[in-house]
Amino acid sequence: MTLSLSLCHSIAVKADDATTDKTPVAFSVKVTGTGRPMILIPGLSCGGDVWDGTVAHFKDHYQCHVLTLAGFAGQPPIHGPFLGHVITDLQKYIRDQKLDHPIIIGHSLGALLAYSLAASTPTQVGPIIAVDGLPFISAIFNPAATVESSRPFAEQYRTMYNSQTQEAFAAANRKALEGMITDPKNVDVVDATSKKSDPKTVGEAVYEVMITDMRPRVKLIQSPVLLLGSTQSSSALEVVYQDEVSTIPNLKVVFAPKSKHFIQLDAPEFFYAQVESFLKTSDAAGSK
């Protein structure tokens, strides 16, 4: 697979073209801009278009690799375990494209993938920006949760999604987005593609996220990490956020003012400023 990259040009990489044996991979990629590589991973059911504003802001200085995960936003689904497939294919993508310590920005589920990637290949990735995403989502609902105590609830969610028609999924997805995004115009934009997601894939992803506990492994992350939390969080939840990432050696946690879950859409200027400051500080520390 060859990418021809230039400023202000985007190239979509089809998942089926990304391997020589034609085995479908776990995401498609759209590459825009020039500069240091930056990989952007959207959250549950979302397409890469949730990063359109981010790409427009950073493309003059960064080469933005925007993922859309299989089964989300109209992409063909894959079968079997989901998160591990994404990580394996993302590791391969970084190697194949010879990306030098790419910056990883992940939202929600994408943040969990960023933690996992950084913990499993700590010397191959650069700074990590987690946008309202945690190592163990189930602890948000119950700080005492474990993988085993979360499994029955995770299975209930998977069963629910598996039984949904596309129309029922689209309606429920729209309602969920309305609770996570402030501006109705942004709800419309995200909904336009996310409603095309495959319910079964979404159900499998929810199941795996709910029973994945990265807390014991995030201490292996060598890259600097910025966690941006939404102000939907109560003071009690802010403590949960801090506790979940407390073992990461090089960590900064900031809560976005007046923002729901999609911080990059609700508070874009805040988001860009935090990312720029964090990357500048990380670069300065790395040069010493």
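This is a predicted model: local features need pLDDT of at least 70, side-chain atom pairs count only at pLDDT 80 or more; totals for chains, interfaces and linings use all residues.
Q: OK, A205: buried or exposed?
A: A205 is at 0% relative accessibility, so it counts as buried (buried is under 20% relative accessible area, exposed over 50%, partly exposed in between, with a 1.4 Å probe and protein chains only).

Q: What does A205 touch, leaving out residues up to four places away in sequence?
A: A205 touches L44, F72, F82 and L109, where contact means heavy atoms within 4.5 Å.

Q: And how far is the C-alpha of A205 from that of L83?
A: They're separated by 7.1 Å, though the two residues are 122 apart along the chain.

Q: Switching to E244, what about a salt bridge?
A: E244 is buried yet has none (that would take a side-chain nitrogen of Lys or Arg within 4 Å of a carboxyl oxygen of Asp or Glu). The nearest side chain of opposite charge, R215, is 4.9 Å away; Lys and Arg count as positive, Asp and Glu as negative, and His and the chain ends are not counted.

Q: So which backbone nitrogen lies 2.8 Å from a polar atom of the E244 side chain?
A: That's the backbone nitrogen of F136.

Q: Last one, M160: how exposed?
A: M160 is partly exposed, with a relative accessible area of 37%.

Technical notes:
Residues are numbered from 1 along each chain as its sequence is written. Side-chain values use heavy atoms; hydrogens and water are left out. A polar contact is a pair of N or O atoms within 3.5 Å; within protein, one must be able to donate a hydrogen and the other to accept it, and residues adjacent in sequence count only if both atoms are side-chain atoms.
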